[in-house]
Amino acid sequence: MRRLAPRPALLVASTAAVAVAVVPLAYLGVRTAEAGLDRIVAELWTGRVAWLSLRSLGLAAVVTSACVLLGVGSAYLVTRTDLPGRRFFAVLAALPLAVPTYIAAFAWVSAFDGLAGFWPAALVLTLCSYPYVFLPVAAALRGADPAQEEVSRSLGRGGWQTFTRVTLRQIRPATAAGALLVALYVLSDFGAVAILRTDTFTRAIFVAFDLGFDRTGALVLSSVLVLLTLLLLTGETVTRRRGARYARLGGARRAAARLRLGPARWPALAGLLGVAALALGVPAVSLARRLVAGVSRPGALAEVAAAAGNSLVLALAGAALTMLLALPLGLLTARAPGPLTTVLDRLAYLSHALPGVVVGLSLIFFGINVAYPLYQTTWLLALAYATLFLPLAVGSVAGAAAQAPPGLEEVARSLGRGPWGVLRTVTLPLTLPGIGAGAALVFLTGMKELPATLLLRPTGTDTLATELWTNTAVGAYAAATPYAALLVVISALPTWLLVARSGLLDKDDR
């Protein structure tokens, strides 16, 4: 297949995008090396580092496993069974993505006094993160080839054997991609673990940086977190199936027959409602209890409106810059796979697992010493969002580009259009749904981002997230509630767009 554009051009643009993403890693390497080998070894060779490693990896493993179970199970019920109200549950299962982990943790702590520790943090992170698995798996189930499952049944396999041996293999790439995002999200999360007082690398790093007493130790801890992320990415790459094929056996798309649940439909319905009650009901009730008191404060509405406007501007700027950087790397991933492309893709993921505080501090250093005109501007914070969320956008672009028929590009070339003309008139329009989905996901995540926003926001610029954190830190829960409620409401819109983009709201004939 001929390339959509000259590979060197895509390669150069992708390398530039990844170079932006690894700025925090370069900062981390330089500042950590300044401490000297003896100090680094002394910081690493401690029981605390071993404990934090086990704790962080254990939390990531528990949450990822639970998210895979909930995400795959919910997606299968919504797309492949006769569950009542399937489209309603498709939206309901995705909405927890609109609830930031620190809002969910704040809601649970305010509802249940004394709630803290590993398992409460695992519960909150699972309820907020399982849509990362649900959305790609549901889309994959809708697009999976039903003929393969029909062949399996014709060979005498039952429904469970067909599900485990055929269906799960068809949706494995989507499940693995969602699980990887969940694991990286858990490793980098600060809000939930801080509020629920669970010791992980992110909480230890933030405390060390915030107090300022042991910045070298914080940098070393950050380096260990990067190594753990690298091991995770390497393991995912090694275990990925080489040369696997998930194509349709037939030409046209054909809907799979729905599984009749029979008496099991009501327990399934109760299970989905129970998950929704925990993920959405507890935060909703907690926020509603304090919302009236928070809004009735003098000047509250004006403050909330100003913070909402700032959040929208910053998230839109971050989404625009992120998509600009993600477009060439996503196209390269889809059109020119290979070892070099894989390396670039994996490098983009490394910064995604860094705590926002590390990314924020690295870009402060970058702004002061390298790009001073960007210091204390909206675009430096947008650069932080691009660094943190680039993999989310790359995945959306690459998925859409991979589905775009390359034959149309060949036809355009045969009619005399050059590579960039093909890109502008054929590939970009075909990839536009993926670009839109990636932009919505980055916008949603940028609205919720907290540590980097606290460090990099321009002076005098407050957002919904920072105002929520400021009020929560001093115990002003009623004052924090309007910011939390509006943040969830605004974040619900891009979440709905992601559900609509996945095709889960489309009517079908099954």
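Trainee: What makes phenylalanine 89 count as buried or exposed?

Mentor: In this predicted model, phenylalanine 89 has a relative accessibility of 5%. Buried means under 20%, so phenylalanine 89 counts as buried.

Trainee: Is phenylalanine 88 buried or exposed, and why?

Mentor: Phenylalanine 88 has a relative accessible area of 51%. The cut-off for exposed is over 50%, and phenylalanine 88 is therefore exposed.

Trainee: Why is the aromatic pair of phenylalanine 88 and phenylalanine 89 called edge-to-face?

Mentor: The structure holds seven aromatic pairs. In the one formed by phenylalanine 88 and phenylalanine 89, the centres are 5.4 Å apart and the planes make an angle of 70°.

Trainee: How do you know that the charged end of arginine 265 sits over the ring of tryptophan 266?

Mentor: The charged end of arginine 265 is 5.5 Å from the centre of that ring. The distance criterion is within 6 Å, with a further condition of within 35 degrees of the ring normal; the contact is assigned as a charge over the ring.

Trainee: What is the orientation of helices H2 and H18 to each other, and why?

Mentor: H2 (residues 23-33) and H18 pack at about 80°, and their axes are 9 Å apart. Angles of 65 to 115 degrees count as roughly perpendicular, so H2 and H18 are described that way.

Trainee: Which residues make the contact?

Mentor: Among them are Tyr27, Leu28 and Arg31 of H2, and Leu361, Phe365 and Phe366 of H18.

Technical notes: Residues are numbered from 1 along each chain as its sequence is written. This is a predicted model: local features need pLDDT of at least 70, side-chain atom pairs count only at pLDDT 80 or more; totals for chains, interfaces and linings use all residues. Side-chain values use heavy atoms; hydrogens and water are left out. Rings of Phe, Tyr and Trp (its six-membered ring) pair if their centres lie within 6.5 Å; planes under 30 degrees apart count as stacked, over 60 as edge-to-face and the rest as tilted. Buried means under 20% relative accessible area, exposed over 50%, partly exposed in between (1.4 Å probe, protein chains only). Axes are lines fitted to C-alpha atoms, for helices over the stretch in contact, and angles run from 0 to 180 degrees between N-to-C directions. Helices (H or I, at least four residues) and strands (E, at least two) are DSSP runs, numbered from the N terminus. Angles under 35 degrees count as roughly parallel, over 145 as roughly antiparallel, 65 to 115 as roughly perpendicular and the rest as oblique. Contact means heavy atoms within 4.5 Å.
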